[in-house]
Amino acid sequence: MMDYELWELPNGIRVVHRQVSNTKIAHCALMLDIGSRDEGTLQQGIAHFWEHMAFKGTQRRKAFHIINRLESLGGELNAYTTKEKICFYAAVLDNHLDKAVDLLTDITFNSIFPDVQINKERQVILEEMSMYADSPEDAIQDQLDTLVFNGHQLGNNILGTQESVKSFHQTDFLDFVSENLDTERMVFSSVGNYSLKKLKRIVEKNLLQIDRISSQRERVLVNGYKPLEAIEKRDISQAHVGIGCRAFDIYSDQKIPFFVLNNILGGNAMNSRLNLSLRENHGMVYNIESNFQAFTDTGLFSIFYATEPANLDRSLQLVQKEIKKLMEKELGSKQLQTAKNQIKGQLAMSEENNQNFMLMMAKSILDHGKIEGLEAVFDKVDRVTRTQLRRLANECLDFDQMSILKYLPSIPA
């Protein structure tokens, strides 16, 4: 059993807490089940822009006071936006937990989106967009989404477009918040060396004052998929490659087996098959990885790497070769056990980071209403079979069903 406490406030906000020892740091967050996929056609980028604007003024605080509130205590205040979530989170010495909860509540529910600050932050986000555009490693990951989820909000860049970012005003933020904010789709998460009684007192002091808020928003389900290819010339010296296709959603019983399969093929360990082939054996890449990201109604499998343009065709052949091996031949018993041990070790190590664990709890409660303990996840990993992995490789890794995006140097070497 996972050692955590979960309860629901009268307004629908759920609160989850895990007490840990040997730390003086309190990690806490408010996570909202709102992301870039919830934006309308004219709203692209507004969820991420909202994340920025939450720090720029509330009914009680100006921007400087928000930024300085925890930083002056040696703490941290931060936020992020994904396709399906917005999260505001903080880390402070645990004797300042009350200040962190008060501030997170304030920026989540009381932002006023002043036009003067919108105009300033608009320029910051445009610079952020330029920064990502100048980094082909980042840009290709965002742009591959547009191929795999062509015509759907999941394919839109989280940052939006220059045109959309330039168009937003105060009323646009207020409308987006009103359309999407729902206290039943919100979780306050906490990890630290303090009692449930202490946390309840602080949370109820701040969050009980929030009225129940409901939203009628319904997410647009993913559309049909067909593989697409695109080539873009850029002012770069290497060829950059992104390969991807649809995969399993967060509720699929194939999620864990496919996670194992992905880790074998191109996970973040140096002994992944793609790394051994393209880097260690052929010296064609500095880094290559495959990823599996699950959403509420679909998933994304992707491979990314960069290589010399002269090696582009050969590198694609090598990627295909490693995939075909998984499709044609089952793993040996020892190989499978090694893969399982590796996954379990990675999961256990990630749980030791209190901030990551706090954020994982919030997302798990939003998506599943519960948190699975490590032993339950380990059991699912242990039940993965060689036959199952080979079947998944044939079902999901057909190269003919992959979308491929290539960035090529505009001026040949």
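Q: What makes the crossing of α1 and α4 right-handed or left-handed?
A: The crossing of α1 and α4 is right-handed. A crossing takes that name if the near helix is turned clockwise from the far one by less than a right angle, and left-handed if anticlockwise. Helices here are DSSP runs of H or I with at least four residues, strands are runs of E with at least two, and both are numbered from the N terminus. The model is predicted: local features need pLDDT of at least 70, side-chain atom pairs count only at pLDDT 80 or more, and totals for chains, interfaces and linings use all residues. Residues are numbered from 1 along each chain as its sequence is written, and side-chain values use heavy atoms, leaving out hydrogens and water.

Q: Why is α1 called oblique to α4?
A: Helix α1 (residues 46–53) packs against helix α4 (residues 115–133) at about 120°, with the axes 10 Å apart. Axes are lines fitted to C-alpha atoms, for helices over the stretch in contact, and angles run from 0 to 180 degrees between N-to-C directions. Under 35 degrees is roughly parallel, over 145 roughly antiparallel, 65 to 115 roughly perpendicular, and the rest oblique. The angle of about 120° therefore makes α1 oblique to α4.

Q: Which residues of α1 meet α4?
A: His48, Phe49, His52 and Met53 in α1 do, and their partners in α4 include Ile118 and Val124. Contact means heavy atoms within 4.5 Å.

Q: Why does phenylalanine 248 count as buried?
A: Buried means under 20% relative accessible area, exposed over 50%, and partly exposed in between, with a 1.4 Å probe and protein chains only. Phenylalanine 248 has 17% relative accessibility, so it counts as buried. This residue sits in the loop between β8 (239–247) and α9 (255–266). Beyond residues up to four places away in sequence, phenylalanine 248 touches Phe258, Phe292 and Leu392, among others.

Q: How do you know that β3 is mostly covered?
A: Seven of the eight residues of β3 (residues 25–32) are buried.

Q: What makes β3 and β5 a pair?
A: Two strands pair if DSSP finds at least two bridges between them. Eight bridges link β3 and β5 (residues 86–93), in the antiparallel sense. Leucine 32 stands opposite isoleucine 86 in β5.

Q: How many bridges join β3 to β6?
A: Six bridges join β3 to β6 (residues 186–192), and the two strands run antiparallel. Alanine 29 stands opposite serine 189 in β6.
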